[in-house]
Structure formats: C-alpha cells, structure tokens
Amino acid sequence: MEHDKNQPLPVILVTGARGQIGTELVAALRNVYGRKQVVATDLHDATTIPDQQRPYHQLNVLDKDELENLIITYGVTQIYHLAATLSAKGEEAPLKAWHLNMQSLLNILEVAKDHKLNKVFWPSSIAVFGPSTARKVSPQDALLDPQTVYGISKEAGEQWCAYYREHYGLDVRSLRYPGLISYSAPAGGGTTDYAVAIFHEALQNGSYQCYLNPDTALPMMYMNDAVRATLELMNAPAEALKERGAYNIGALSFTPAQLVTELQKHLPGFTISYNTDKRQAIANSWPAGVDDTEARQDWNWAPEYNLAAMTADMLQHLAPVYKSDSNAATVS
Ligand code: VAH
C-alpha cells in the first residue's frame, strides 16, 4: 500500500505498540507513511527503545492527560488503539481487565472527539461470539453472547465505537480479529497463543504440549494478512463501510492436529502431546470459523495466506533464530 500523495500525511499514534499486533502494525504504518509519522507508545520505558524504533513514548493508556498531551505535542490525526488484556489473562483478574479494556477505549474515543481526529482504529475479536455460534461459522450479524471478560469488553467496545460514530461523527473503524499468528513478537495471554508457541517449541525442543484438544478448530489468521486488512479497512472510503459494529474477517480455520500435520511436513521428528487447561472452555465457546462476506463486499477483503503458506513463512523466519541452539530441530 502507498500513501496518496494528494492527501496530507497523517500523524498516527499507536497504543500497545510493543505487543504482538502493534510490533508489526507500527512497522507497516512507518513503511507507508514514514517513520516520523508514527508515534509508538506502550508501557515500556523509553530508554529501552532503539533509535530506529522511535518516535516512542512510554504511555499508560489509562492516563488520559498524558494521552492528550502526546496528541497535542505531535499533532496526532489518527489513533490505532491496540492496548488491551486478552482472553485468558483477563479471566485471572476480570475487573482489572474490564477497567483497562473499557476505560482506555473511552479515553481514546473522548480525546479523538475533543481533538477532532480524522480516524480511530480499535480491534474487536471473534471473542464477542459465544454459545449461540459456538463451534460453528459465525455470520456478521450473529448474536453477540461472549463468555469471557475480554469478549464482553469487545462487545461493549463495539457499541461504544458505534455510539461515538453516530453521536459525534467520529470515524472509528474496527475488525473482529481471529487468533493471530506471527513470528516477530510473542502472543500475550490469549487462548489462541498455542498457534504461536508451537512453532518456537517445535524448533527449540522438537516437541510441544498443547493446552487445547487436537480437534478444536478456531478462526485464525497470519499477521501479514491481519496487518494488510487493517490498513485496507482504514483506507477504504467511509461511505463503503456499512457495518455498525466491527467487521468479521476470516482467513483460516484449523485445529491443533491440522497445524501439527502441516508442521511435520517441515519437521518430521516433531512430536505433540495434549493436556487441556481452562483455555479449552474459552475455545469451546468460540466459533470454528467466521463468515466475512460483508468485509469482502464492502471493502474487498481477501486473505492471502493459507495454512501451508503461513507455516512455511513462520518457519523460514524462526529457524535462523534457533539455528545456533544445538538442540534445535532442522527444518526440511
Ligand atoms: C485471544 N488472541 O486469544 C486473542 C484473540 C480470537 C482470539 O482475541 O484472546
């Protein structure tokens, strides 16, 4: 994607910039608009950030005054608000997760309204779905009946984003991300994290113990597709976007057993074992896949990575990381 030279360059603030999505989204945004146009923020101390990853500011998204100060200082015109507590970690401290996920979003929506920002992106999740579509394919207009605090916060967040769009004319856009798989940053506290950890464990130890049953199908997506979907949604003409809530977007649906079979094509000696934990109940409440017809119709969404392509790309990037490790498996 390229910036339309007839448009002024945006100044984009990203929260949660050091997270799994943020790490890649910041890089993609800087590639399109230039490094200095993207202000990365997260909880990490700024002294730990290398120069080539600046501008960076330490920011607690619950600190509305500091958020507003950064918006004024940099002349921010867009916000990508990624900071949140994910599904599994959220169940360990429900009210803390609710407070972080909701108050941070309300802070973002308020300052975006007050400073008349052009656009806001906020990720929802397939975690908004629950028993009414559990283990099936969730349509865009399915009943939202989340069973986790994270999912409840995403359902409420979708409603708040629609409220600010309808009452204040704020251009807030959102995607219901499936489980995301990437090599550049670890997943952080989600139920789908196994699909990232399995690659690291396969290369480092040649084996992995999966906390979900082998036949638990979940909607998944390679991060390259998720980042492209985000940029394409944010650059779509506003009048094309007909959904009041967040858009379903789909790419893959696979079980741990199917991922293992694909991995073993490259790592024949890789072995798997299964020992389910509380995350199985969360996965059981989620759909096996999503229907993303509306995203394909409204803004031409189309995934590019299937399971084979994702697995090959993950191993190509991660194998060198573990190559020096004597126990590491060799990728065929
Ligand atoms: C989680 N990775 O597992 C996130 C995601 C659909 C799952 O929202 O909580």
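Helices, of at least four residues, and strands, of at least two, are DSSP runs numbered from the N terminus. In this predicted model, Gln140 lies in the loop between strand S7 (137-138) and helix H5 (149-168). With a relative accessible area of 5%, Gln140 is buried, and a polar atom of its side chain lies 2.7 Å from the backbone oxygen of Ala246. Apart from neighbours within four places in sequence, Gln140 is in contact with Arg176, Glu243, Ala246, Tyr247, Asn248, Asp291 and Glu294.

**The six-stranded sheet**

An open sheet of six strands, paired in parallel, runs in the order S3-S2-S1-S4-S5-S8. Its edge strands, each of which pairs on one side only, are strand S3 (56-58) and strand S8 (172-173). Helix H4 (residues 94-114) packs on this sheet, where it touches S1, S4, strand S5 (119-121) and S8, and the direction of H4 makes about 175 degrees with that of S4. Strand S1 (residues 12-15) is joined to strand S4 (residues 78-81), which runs parallel to it, by four bridges, and Ile12 has Gln78 as its bridge partner in S4. S1 also pairs with S2 in the parallel sense, over three bridges, and here the partner of Leu13 in S2 is Val39.

**The three-stranded sheet**

A further open sheet has three strands in the order S10-S12-S14, with mixed pairing. Strand S10 (179-181) and S14 are the edge strands, each pairing on one side only, and neighbouring strands are turned by 40 degrees against each other on average, direction ignored. S12 and S14 run antiparallel and are joined by three bridges, with Phe254 of S14 as the bridge partner of Leu218. H11 packs on the sheet and touches S10, S12 and S14, and the direction of H11 makes about 85 degrees with that of S14.

| Strand pair | Sense | Bridges |
|---|---|---|
| S1 and S4 | parallel | four bridges |
| S1 and S2 | parallel | three bridges |
| S12 and S14 | antiparallel | three bridges |

**The nonpolar cores**

The largest nonpolar core has 39 residues, and the members that touch the most other members are Ile181, Tyr194, Phe199, Phe254, Leu259 and Met310. At least two residues of this core come from each of helix H6 (194-205), strand S11 (207-210), strand S12 (218-222), strand S14 (252-254), helix H8 (256-266), helix H9 (279-284) and helix H11 (307-323). Which of these elements supplies the largest share of the core? That share, seven residues, comes from H6. When residues up to four places away in sequence are not counted, Phe199 touches Ile181, Leu259, Leu263, Met310, Thr311, Met314, Leu315 and Leu318. A second, separate core of 35 residues includes Leu25, Tyr80, Met234 and Ala295.

**Two further positions**

Gly90 is found in helix H3 (residues 87-90), and at 1% relative accessibility it counts as buried. Its C-alpha is 8.7 Å from that of Gly190, although Gly90 and Gly190 are 100 residues apart in sequence. Leaving aside neighbours within four places in sequence, Gly90 is in contact with Thr85 and Ala97.

Glu68 belongs to helix H2 (residues 64-74). The C-alpha atoms of Glu68 and Ala112 are separated by 9.0 Å, while the two residues are 44 residues apart along the chain. Glu68 touches Val111 and His115, not counting residues up to four places away in sequence.

**The annotated region**

An unreviewed UniProt entry carries the annotation "domain: NAD-dependent epimerase/dehydratase", which covers residues 12-250. Over residues 12-250 the chain is 39% helix and 18% strand, and the end C-alpha atoms of this stretch are 26 Å apart.

Notes: Residues numbered from 1 in each chain as written. Predicted model: local features only at pLDDT ≥ 70, side-chain atom pairs only at ≥ 80, totals over all residues. Heavy atoms only, no water. Core = buried A, V, L, I, M, F, W, Y, C linked by side-chain atoms within 4.5 Å. Buried < 20%, exposed > 50% of the residue type's maximum accessible area, 1.4 Å probe, protein only. Contact = heavy atoms within 4.5 Å. Pairing = 2+ DSSP bridges. Axes fitted to C-alpha atoms, helices over the stretch in contact; angles between N-to-C directions. Polar contact = N/O pair within 3.5 Å; in protein donor to acceptor, adjacent residues only side chain to side chain. UniProt positions renumbered as here; feature names shortened; annotations may be inferred.
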